[in-house]
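Q: I am new to this structure. Can we read it together, one feature at a time?

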Amino acid sequence: MTNEPGLPRLPGPELAGGWMHDTDAGGGEEPPVLDQVFDTDSLYGLRAAVAAHAMAAGLAEGRTGDLVLVVHELAANAVAHGAGRGRLRIWDSGGALRCQVSDDGPAGSRDPARPDGPADWDINFGHGLWLVRQISDQLRLRTGPGGTVVTVIFALPSPGQLVFQVSQRVLDGYPVLAVTGQLDARSAGQFSGAVLSLAATAQVPCLILDLSDLTWWDSAGLAALITAHQQVAARPRGQMVLAGAAGPLIERLREASPDDQFIVAATPVQASRTLGPAASRRPKPGTDRLAAHIDVGAARQPDG
Amino acid sequence: MAVGADAQVTELEADDHACLTFGDPEELFDLTAAFVRDGLAGGLQVVWLNEAGTGQAVAELERRGVAVAPALASGQMTAAGAEGRLLSGQAFAAESAVEWLCTQMTASQREGFPGLRVAVDMSWALRPVTGVEQLPDFEQGIAAAVAGSAAAVLCQYDRERFDPVTLAQVAPFHTRSVATATYYADAVLRICRQYAPPGIRLAGEIDRRAAEPLALALAEAIRLPGDITINMAGLAFIDAACARIILDAARGLGGSRLVVLQCHPQVAARFALLGGGKVTGLLVEGVDDE
């Protein structure tokens, strides 16, 4: 399986050449499927329109919710930093939805004393625009006194993607959880359940996630991976290794959760080598084991 | 319609004749659960005449953390319909209904309970029941029976379905008025207090324009002791700004008590991505998609 640079997902569809180039004007290509102006009072309707188009284009509920959030954050920013209004256009081409939110800049933007432009569109950890970047497949932003244009790309799923499945095995004494297909709002719960039950029963507080057959994720999938990592890391000598994960996914995880140390390996076998002998990871009898069980609960709730 | 309320449901005491108006079933069940919970905790006998049917009524109470099974078994609690108690064969007579209440009060004393709480869903009065015009007489009779007694009666009126004239007619017979404290309400969003379990409830879609009422609702919920539940089961959308307001409020408690987020998987993911996993004392309870 190849992972072309710039392609967010694999095995993804071959995206048409057009989207790699900046086409803010959108001229000369097919018309947008949605072209709507908005202001502060029409954001609710804008979200509904985006949801409808996303589902019509083939995005499942979870990924649709991601697009709705992204467009909302961009539109709310445009309203705040523009003159109270903006414009949304969505193109459906080349196996992806390209969404462009633009505004004309703040009212009276000719005033040089007024700090506008890039500062208003900083990507600060935990804020709206930061979340937009974590959730979108691609983000491109151009801003200046005359206004801002933000473009996000959401890849569309190709038909016949693998159905979700999570399976367990043991490798060199380590539990291996293999995830096949899409890890999204619908399947994240099952994945999280599997991680928790493994944590409760495994002999060692480590986990190898085999993601080589993971084809698709949305924000729920991303969050589930981050949460799984945090839960395993909270246990004494706990360590999770991501095996066979695509480059863009690793990048996304590291950016989304910079405080967490994501350890990666190309294959489960190499992951096992990274962890070392399982025997050395076994909890000390009488102390660690008890702590490990409590720690599994601690991530969820204190024991009552 | 302006919602008047001079008391919180958690402030009701013996000899209160309270009028509760609610806007949707969630509010009714939440307020009733708090009323029942506090009554049982105080060793009182509790009767709830409701339209939901005993099975659903019990389920709604248990869903909100009020374990009523032991009380139902021992007779401390009764959950039943109005038929055979306030009504007889779909006919209503104020005198008989007041007599029923007095019988409950006497029996409760005889059985050794320190007090009695009765919650009555008045929705039976919206049906074609003969004698329903005696409703104000019934309320007058309740007021007389309850005054100076160890009983508290909570009359429950659906303000979306009862006409304003009827509500105005019955209001004066009550000593207290109760409703869910509401911080924001329009066609798209509702932010209100929740009483069972205590916290706040968000329904609809929320974004940064509701930041102020959200912050106020959180601040007031935090002022009360104990864990806080943020019920987002009915919330279809939350933006980054509002999610951060909730996370900041939880962070501010520093793990001294639990903040429970009840939400759908997609909303839970949003909180996780915004750093929720690192907030001590934050617990996410997934809600199934309907």
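A: Start with confidence. pLDDT is the predictor's confidence in each residue, from 0 to 100. It belongs here because this is a predicted model.

Q: What is the mean pLDDT of chain A?
A: The mean is 81 for chain A, and 77% of its residues reach 70 or more. Residues 1-28 of chain A have pLDDT below 50. In the model, this stretch still has 54 contacts beyond near neighbours in sequence. Residues 289-304 of chain A also stay under 50. For them the model has 20 contacts beyond four places in sequence.

Q: How many helices and strands are in chain A?
A: Chain A has eight helices and ten strands. Of its 304 residues, 50% count as buried.

Q: How do I read a sheet?
A: Strands of a sheet pair through backbone hydrogen bonds, either parallel or antiparallel. Now take chain B. Six strands there form an open sheet, in the order E3-E2-E6-E7-E1-E8, with parallel pairing.

Q: Which strands of chain B stand at the edges?
A: Strand E3 (77-80) and strand E8 (176-178) of chain B do. Each has a single partner strand, so one side of each is left without a neighbour in the sheet. From one strand to the next, the twist averages 15 degrees.

Q: How many bridges join E1 and E7 of chain B?
A: Six bridges join E1 (residues 17-22) and E7 (residues 151-158) of chain B, in the parallel sense. Phe22(B) stands opposite Asp158(B) in E7(B).

Q: Which strands does helix H4 of chain B lie across?
A: Helix H4 (residues 94-110) lies across E2 (45-49), E6 (116-121) and E7 of chain B. The helix H4 runs at about 155 degrees to E6(B).

How values were computed
Residues numbered from 1 in each chain as written. Chains lettered and ligands numbered in written order. Predicted model: local features only at pLDDT ≥ 70, side-chain atom pairs only at ≥ 80, totals over all residues. Heavy atoms only, no water. Helix = DSSP H or I, 4+ residues; strand = E, 2+ residues; numbered from the N terminus. Buried < 20%, exposed > 50% of the residue type's maximum accessible area, 1.4 Å probe, protein only. Contact = heavy atoms within 4.5 Å. Pairing = 2+ DSSP bridges. Axes fitted to C-alpha atoms, helices over the stretch in contact; angles between N-to-C directions.
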